[in-house]
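This report covers the pockets and the salt bridges of one model. The sequence and structure come first.

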Amino acid sequence: FDEKRFIHAYPSAPDSQYLSESIGLYMEYLVMMEDAEQFELQYNNLLDEFVVEKEEDFFIKWLIYEDASVNALIDDIRIAAVLREAAELFGQPEYSDTADRIIETISRIQTNNGYTVDYYDWQVEFPAQRVTLSYLIDDVPKDMNADRVLENVDASEVFFPEYFDVVNEVYVKSEVVHPIDQLLIAINRERIGLSSDLFEEWLKTEWAEEGRLFGRYDRETLQPAVRY
């Protein structure tokens, strides 16, 4: 924390950035701890430093930076969800009203070809051209087509594609995969009743044989691409 209780992205680096991801996760923690006072402080930090209002639009910058003009879908969704929880828990309807403004703006303009996308750049008034599958958490509203993107994934391979190109309507795969992203995608699929049998089988085998997961894997060979 700094003197205003803003959270650095990396605790060991006091000059690291302040991210909407960090404040959203901390607000989740404060709701879990039922800490109304600290939650209100972070809520005010959110409004003072992260929020950008342009007429009826209500944006959250993905980081505190003067020229930042882009939000991040997953962080906004997380913040909106925790604001609604806090509104009920702490008896503060203002929190829920703010959540409504966040979601309304995303639903109205952060779309491309009928899909809710990763971000919106309000400076150039242009939405992203992709959806990141690991971002499609349980809190994403049903009308944002998250389930459709997850349902159409080809699960005949061990590793999932990372992105969906909404312009060309194709899934995009990287040659080297990140197992954390893969786990998040599998969790997102499971919440809507979709199995990930091949990935799960590989995961269990890798853990049984290696006793650990490596940080990166080659998509084609399924072998570790790094030694950490």
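## Pockets and salt bridges

The largest pocket holds about 600 Å³ of space. A pocket here is an open set of points on a 1 Å grid over the protein atoms alone where a 1.4 Å probe fits, with protein on both sides within 12 Å along at least five of seven lines; lining residues have an atom within 4 Å of a point. The volume is the space filled by probe spheres set on the points, which are joined across faces, edges and corners.

The model is predicted: local features need pLDDT of at least 70, side-chain atom pairs count only at pLDDT 80 or more, and totals for chains, interfaces and linings use all residues. Residues are numbered from 1 along each chain as its sequence is written, and side-chain values use heavy atoms, with hydrogens and water left out.

Lining the largest pocket are 26 residues, and Ile-74, Thr-132, Ser-134, Tyr-135 and Asp-181 lie nearest its centre. Two or more lining residues come from each of α1 (20-32), α3 (73-90), β7 (130-132) and α6 (179-190). The biggest share, five residues, is from α6. Helices (H or I, at least four residues) and strands (E, at least two) are DSSP runs, numbered from the N terminus. By class, this lining has 12 nonpolar, five polar and nine charged residues. Ala, Val, Leu, Ile, Met, Phe, Trp, Tyr, Cys and Pro count as nonpolar, Asp, Glu, Lys and Arg as charged, and the others, Gly among them, as polar.

The second largest pocket has about 180 Å³ of space. Its lining includes Leu-183, Ile-187, Phe-199 and Leu-203, and α6 and α7 (197-210) each give two or more residues to this lining. The lining divides into six nonpolar, two polar and three charged residues.

The model has 12 salt bridges (a side-chain nitrogen of Lys or Arg within 4 Å of a carboxyl oxygen of Asp or Glu). Three of them are tabulated.

| Pair | Closest N and O atoms |
|---|---|
| Arg-108 and Glu-56 | 3.7 Å |
| Arg-108 and Glu-104 | 2.7 Å |
| Lys-142 and Asp-147 | 3.6 Å |

Arg-108 lies in helix α4 (93-109) and Glu-56 in the loop between β1 (51-54) and β2 (57-60), so their bridge ties together parts 52 residues apart in sequence. Glu-104 and Arg-108 are four residues apart in α4, about one helical turn. Relative accessible area is 32% for Arg-108, 46% for Glu-56 and 37% for Glu-104; partly exposed lies between buried (under 20%) and exposed (over 50%), with a 1.4 Å probe and protein chains only. Lys-142 is exposed at 63%. Salt bridges with shared partners join Glu-56, Asp-57, Glu-104 and Arg-108 into one network.
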